[in-house]
Amino acid sequence: MTTAEPAAGNGEFDLGGLLAERGAERYELHARYLNHQLPRMLHTIGFDKVYERAEGAYFWDADGQDHLDMLAGFGVMGLGRHHPVVRKALHDVLDAQLADLTRFDCQPLPGLLAERLLAHSPHLDRVFFGNSGTEAVETALKFARYATGRPRVLYCDHAFHGLTTGSLSVNGESGFRDGFAPLLPDTAVPLGDLDALARELRKGDVAALIVEPIQGKGVHEAPPGYLRAAQELLHGHKALLILDEVQTGLGRTGDFYAYQHEEGVEPDLVCVAKALSGGYVPVGATLGKEWIFKKVYSSMDRVLVHSASFGSNAQAMAAGLAVLSVMENEEIVANARATGELLKSRLAALVDTYELLSEVRGRGLMIGIEFGRPRSLKLRGRWTMLQAARKGLFAQMVVVPLLQRHRILTQVSGDHLEVIKLIPPLIIGEREVDRFVAAFTEVMDDAHSGGGLMWDFGRTLVKQAVANR
Ligand SMILES: Cc1ncc(COP(=O)(O)O)c(C=O)c1O
């Protein structure tokens, strides 16, 4: 018997028994067999907790203490954890024992999910289902290049579209790209800079521009009017607009898609993933215009020219259908908008109180809290010490006590950024807003008092940053 075999007898697989027997080894197993830097990082910042159960916007540790989730598994848990409607759909689809993935028939669930998804973007006609956000982006890049017959894709500085090689080619951060060259032919343009876009388009080899309507890194929104003007420019040069709604889609920003915030934006291709999974079954969807799909799948010979073995699987489709149903029945988009406005306005009201807090931005439940250089001499010295060691340490200093002392999970919004990003489940309400604002206020009070544990921890972070150079 190898160490990985389950404990149960009779040759049966006993998941509960396996977890009971080996669950305590979780950090060691990860360090031994997976990316060893994750447990290392978690131990360093004291995030090496043992969570035992989860529901909605909360998870609980072994002592029964609740933790508020303001990260939603990087946006995957749009409906929170273990939504009963999604769970039931998954139980039902397993019990139905469908003849799934025969590959040579047409199952009903993919068509039904496509129909339901497309109802939210009436100018789009067809869907390709893959298995992740990056695969949705890969599909869009391939379709745009094939449909236009051109090689080059433009993207925005600081963009994030996933980490497989095609998506990496349109990533706006050298930290992710370095060492993986050569990538696809690509060129970055600043988000919002129409002149730069026009300059590139005049070269005649551009297939598409890919944009996140609100960038995940730093929570930067495309300036008003940019998406529509970019679309006109692109179409004038027979190039396409791809919108990456992997994070912003499905209600996150207070509209079903973030691009719908502005009139007249009609992207040629839209990438969706994360929340469509219900937090359970990986899925990606690339929505597009009829002519693009017709061109890619132009003959029977090309029927499998772009496909994925697990694409359209019944569990993913059932989860997606259940998610869309919950979104309508529970008015998830309206809740994201209203709760997002409440949270943002209460946080924005603190900017005048705390000199280390410089801006609160974003839309719906995608909120960025940016810290900046304080005015007072005492705090400025400390801030400068942190900045000299590594940008982003102050935001880390805030994220840590939010979890350690207040049991709220958040994240720094990208490397070297003094920004915390809040992307909680879209089901949160006033109770969670109150809890977050109270905790954040306490952490800010601590930071501005200039002493205590928080700045001690800051000094530890500085030492580590210097040691890591
Ligand atoms: C905007 C955007 N696009 C693409 C991706 C990649 O998605 P996945 O991690 O499912 O590959 C992400 C993931 O964070 C994202 O935020």
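This is a predicted model: local features need pLDDT of at least 70, side-chain atom pairs count only at pLDDT 80 or more; totals for chains, interfaces and linings use all residues.
I checked the length of α15 (residues 377–389): at 1.5 Å a residue its 13 residues should span 18 Å, and the end C-alpha atoms are 19 Å apart, which agrees. I then asked which residues of α15 are buried, and found L379, W383, L386 and A389. They cover an arc of only 125° around the axis, and therefore lie on the same side of α15. On the other side of the helix I found L377 and A388 exposed. The buried residues of α15 pack against β14 (366–371), α16 (393–404), α17 (430–449) and α18 (452–467).

I counted 25 salt bridges and looked up a few of them.

K217 pairs with E173, with the closest N and O atoms 3.3 Å apart; the pair links distant parts of the chain, 44 residues apart, with K217 in the loop between β8 and β9 and E173 in the loop between α8 and α9. K217 counts as buried because its relative accessibility is 16%, and E173 likewise counts as buried at 17%.

R228 and E232 form a salt bridge at 3.7 Å between the closest N and O atoms, and both lie in helix α11 (residues 226–236), four residues apart, about one turn of the helix. Here R228 is partly exposed at 38% relative accessible area, whereas E232 counts as exposed at 51% relative accessibility.

Methods:
Residues are numbered from 1 along each chain as its sequence is written. Side-chain values use heavy atoms; hydrogens and water are left out. Helices (H or I, at least four residues) and strands (E, at least two) are DSSP runs, numbered from the N terminus. The expected span of a helix is 1.5 Å times one less than its number of residues. Buried means under 20% relative accessible area, exposed over 50%, partly exposed in between (1.4 Å probe, protein chains only). The arc is that of the directions from the helix axis to the C-beta atoms. Contact means heavy atoms within 4.5 Å. A salt bridge is a side-chain nitrogen of Lys or Arg within 4 Å of a carboxyl oxygen of Asp or Glu.
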